[in-house]
Amino acid sequence: MSGGQKQRLSIARALVKNAPVNVFDDSFSALDFKTDAKLRAALKEETGNSTQFLVAQRISTIMNADQIIVLDHGKMVGRGTHRELMAECRVYREIALSQLSEEELK
């Protein structure tokens, strides 16, 4: 199986299991931006009562999360919402601006 196929399988398992907590470790990285957004919206609808932990490098995947934890060399350097981190966390802001435009980040 390819990496993308493994990711899709792990997402499908989470939906079928209907667990109270799901951990997605970079499970959306092989998806294009549109599919990523559609899948996250569907997951939110289908797993509304579950707690979701997303490990991601793509800002667009996590920017609507309730809480984001920013790690730099294994140390926590920021915690908060996307808006809070854009204003207060240099590392997060640098990563975000390297991936998306100012307009897309609003």
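Student: What is the mean pLDDT of the protein chain?

Tutor: The mean is 89, and 100% of the residues reach 70 or more; pLDDT is the predictor's confidence in each residue, from 0 to 100. This is a predicted model, where local features need pLDDT of at least 70, side-chain atom pairs count only at pLDDT 80 or more, and totals for chains, interfaces and linings use all residues. Residues are numbered from 1 along each chain as its sequence is written, and side-chain values use heavy atoms, with hydrogens and water left out.

Student: Which element has the lowest mean pLDDT, and which the highest?

Tutor: Helix α1 (residues 3-17) is lowest at 80, while strand β4 (residues 75-80) is highest at 98. Helices (H or I, at least four residues) and strands (E, at least two) are DSSP runs, numbered from the N terminus.

Student: OK, surface now. Which residues form the nonpolar patch?

Tutor: V21, V23, F53 and V55, with about 360 Å² of accessible area together. Strands β1 (21-25) and β2 (51-55) each give two or more residues to that patch. Like charges are joined within 9 Å, nonpolar side chains (Val, Leu, Ile, Met, Phe, Trp, Tyr) within 5 Å. Areas come from the Shrake-Rupley method with a 1.4 Å probe, and for residues only the protein chains shown count as cover.

Student: Why does V21 count as partly exposed?

Tutor: Because its relative accessibility is 42%; buried means under 20%, exposed over 50%, and partly exposed in between (1.4 Å probe, protein chains only).

Student: Switching to rings: how many aromatic pairs are there?

Tutor: One. F24 and F28 have ring centres 5.5 Å apart and planes at 55 degrees, so the pair is tilted. Rings of Phe, Tyr and Trp (its six-membered ring) pair if their centres lie within 6.5 Å; planes under 30 degrees apart are stacked, over 60 edge-to-face, and the rest tilted.

Student: Are F24 and F28 buried or exposed?

Tutor: Both F24 and F28 are buried.

Student: And what lies over the face of F33?

Tutor: R58, at 4.6 Å from the ring centre. The rule wants NZ of Lys or CZ of Arg within 6 Å of the ring centre and within 35 degrees of the ring normal.

Student: Last one, backbone. What is phi at N18?

Tutor: About 55 degrees, positive although N18 is not a glycine. N18 lies in the loop between α1 and β1. H73, in the loop between β3 (68-72) and β4, also has a positive phi, near 55 degrees.

Conventions: Patch = residues over 30% accessible without salt bridge, like charges linked within 9 Å, V, L, I, M, F, W, Y side chains within 5 Å. Salt bridge = Lys/Arg side-chain N within 4 Å of Asp/Glu carboxyl O.
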